[in-house]
Structures are given as structure tokens and as C-alpha cells.
Amino acid sequence: MPEIDVAQLVKTFGDQRALDDVSFTVADGELFTLLGPSGCGKSTTLMSIAGFQTPNEGRIAVGGEAIFDASSRLNLAAERRNLGIVFQSYAVWPHMTVFDNLAFPLKVRKLSRKDLGTRVREVLELVDLAPYEKRYPHQLSGGQQQRVALGRALVYSPSVLLLDEPFSNLDAKLRERARTWVKDLQHTLGLTTIFVTHDQDEALSMSDRVLVMDGGVVQQIGTPEEVYRRPANRFVAEFVGQVNLITGTVAGHEDRNAIVDAGEAARGLRVRVDQAPQPRSSLTVAVRPEALIVEAAGDASHNTSNTLLARVTSVAFLGDHYQYELDASGLALTAQSPHQVGSTDVKVHIPPDACAVVA
């Protein structure tokens, strides 16, 4: 039985359809990420689960129990759903100490003073804030405020944790540390978590599975590797990381490879496919920059199919790799390599199994 079951959610704002038949399940203990650009519907989905938005259609269940069902007019109040949520702004109360921020949800639930103090201090230890319990939010760093918000969401032992872009206000280095810390905490607690972000690095590094959205529609659900290496369509390929898109015409099929003619630069390009495409049909292939193998034109290796001649138009050193912008007889390509090629004229090899058909 899935911990969270979201079925056929529809949400409109006036004439705008913010959610269009959104369905997915989240397994017990899974960290499941909603990924997409601003306005795609990911936060609306999260707020619908939390109880702060009311969908027009659909059903939401947690642990097999419905908390929202449009057809039967069931809509459990947010405070009765037992879901912990951390907002993008953290929403910690500035007039309360760290201890009181965490204690507030327990006071609302009328926990005894003794049990309240014990529970708050347990969670302060869990989120590494025990030495700061008497401080106010303005006396804390951004990362510490984020942990206050997380502690407040965990203090009443919610069945599910909802995270709405919780790292967006942190600087780059602190954001990286926060990702690791939250992922480790989630894994330790075994807590089912839905995480909302527009940051592909966060989604790929933290998630067990990723749901990619655009325009209120689910584009793909899969593991980070599946979404990155086998995008379901052109939108996913372009949104998740850098990509080269090569469009051509199917000239044939041989040994599980489609043979594609993509202009003068790439005639007879072999692309690994699951099933043979129609001859002479149009086909678009996605290839990640790091999958391309770039060598000086005079190198003896890779003088085989799927090897294009190209000219380097620009090169950038990015620490752990070089990024090359290439022109292969009018076909623009981006390639990444851990090595400096040291030549303007190069060969580019495209492994057939690194190609994903997206259209």
C-alpha cells in the first residue's frame, strides 16, 4: 500500500488550469521530488496535499485513508492531516525563541508541560540546535533558521514531511550542506517526504524518484538516472541538465539501432532504440554533453560510425572539466571532457547507447 496516493487532481484558478489530471504514488519512506519551472503546478500540488489548496477534482490518500475526495466532498482540515510542512520562507515566529517555536505545535495539541519539554529537546538534538534553544530567529543564520522550521515540522511526529523549496534562501555552499543533512535525516527517520524544487541538482542528488511537471501536467516520473539519461520528451531533456538535440530523418534500422540522417554533419548516425521507428519519419535525439567523446582530429581512435568532424568555437575551464562549444558542419554541439583537447579541429564520437529518442 502506498504511503501517499494522489489521483487525477485538477485545480483551476479562473480560466487557468494549474493542475491537469495529476496522479502519482509515493512509497513508504521514499523521498519523492516534484521538479519543474516556476508556475508548473508543483507547489499547488504540495499545498493541495497539505490542505491549503482545494482541488476541483481528484483524490488524495495518506496511509490508505482519504484526506481529500472531490467526488464525496471530503476535505479534511489541514491541522487534522498530521503532515509536517516546511515553507520556502521558513515562517518561524520572530518573537519566539527556538524552544518556543518548536513547542507551539505541541501546545496546540495540548501536550503536558513535561512531555512537551522532553519532546522539544529530543528534536532540538535531532536537528543540531540544542545549544540555541534560548535564541531568537534574528540571532540565527539562515541555515539555523531552516533547521528551526524543520524541527517544528518534525516535533509532533507527522506521518509525512512536505518541503516547499526549503533551500532557496541559502547561499550555494550552505545549500549543498543542507541537502546532505536533510537527506541523511530523512533516511535515518525513514520519513515519507515530498520535496518541491526547481533546482535540477537538488532533485537529482536527493531523490529516490522525481516527477517532472510543466504547465500543470506530469511529464515523467522516474529515478534520477531514468529522468536524466532517458528523458520521456523534449521538455524533460531540456529542463533537466544540459543537452544536445539532434533532429534528422530515419534512413533505416539495424541491430537495435535506428540509422538517422541529420544533415551533412551526421549522416548514418546510429541511435539505440527499443523498437524500430517508421522509415523516413522525423526523429529527435537527446545526447548529454558529457557523453560526447572529443579528440584532436589527428587522433587514430574512434575512426568509426557516429564520429563527426567539428571545429571548436569556444572552450571554458570549469574546474573538474572543460566545456567545448563545437560546430560540426552547421550542427552546434556542446561537449564536456575532463581533458584539454589542445586542437581547434576535433573529432566528436557519439555513443549509440548515449542517445535518447525524445520526439
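## Basis of the model

The model is predicted: local features require pLDDT of at least 70, side-chain atom pairs count only at pLDDT 80 or more, and totals for chains, interfaces and linings use all residues. Residues are numbered from 1 along each chain as its sequence is written, and side-chain values use heavy atoms, with hydrogens and water left out.

## Helix 5

Helices (H or I, at least four residues) and strands (E, at least two) are DSSP runs numbered from the N terminus. Helix 5 comprises the 18 residues 172-189. Because the expected span of a helix is 1.5 Å times one less than its number of residues, helix 5 should span 26 Å, and the 26 Å between its end C-alpha atoms agrees with this. Helix 5 is followed by Gly190, whose phi is positive, near 65°.

Buried denotes under 20% relative accessible area, exposed over 50%, and partly exposed the range in between (1.4 Å probe, protein chains only). The buried residues of helix 5 are Arg175, Ala178, Arg179, Trp181, Val182, Leu185 and Gln186. An α-helix has 3.6 residues a turn, so residues three or four places apart point the same way. With contact taken as heavy atoms within 4.5 Å, the buried residues of helix 5 pack against helix 3 (113-126), helix 4 (142-154) and helix 6 (200-206), as well as strand 3 (31-35), strand 8 (160-164) and strand 9 (192-197).

On a 1 Å grid over the protein atoms alone, a cavity is a set of points where a 1.4 Å probe fits but cannot get out; a pocket is an open set with protein on both sides within 12 Å along at least five of seven lines; and lining residues have an atom within 4 Å of a point. Grid points are joined across faces, edges and corners, and a volume is the space filled by probe spheres set on the points.

The structure holds one cavity of 30 Å³ or more, and the largest cavity has a volume of about 40 Å³. Its lining consists of Leu150, Leu154, Leu161, Val182, Leu185, Gln186, Leu189 and Leu191. Helix 5 gives the most to this lining, with four residues. By class, seven lining residues are nonpolar, one is polar and none is charged; here Ala, Val, Leu, Ile, Met, Phe, Trp, Tyr, Cys and Pro count as nonpolar, Asp, Glu, Lys and Arg as charged, and the others, Gly among them, as polar.

## Helix 2 and the largest pocket

The largest pocket has a volume of about 450 Å³. Of the 18 residues that line it, Phe52, Leu83, Ile85, Arg109 and Tyr156 are the closest to its centre. Strand 7 (83-86), helix 2 (98-108) and helix 4 each supply at least two lining residues. The lining comprises 13 nonpolar, two polar and three charged residues.

In helix 2, the buried residues are Val98, Phe99, Asn101, Leu102, Ala103, Pro105 and Leu106. Their cover includes helix 3 and helix 4. Helix 2 is followed by Lys110, whose phi is positive, near 60°.

Two strands pair if DSSP finds at least two bridges between them. Five strands form an open sheet in the order 14-13-12-15-21, with antiparallel pairing. Its edge strands, strand 14 (266-272) and strand 21 (356-357), each pair on one side only. Strand 13 (residues 257-262) is joined to strand 14 by five bridges, and Ala262 stands opposite Ala266 in strand 14.
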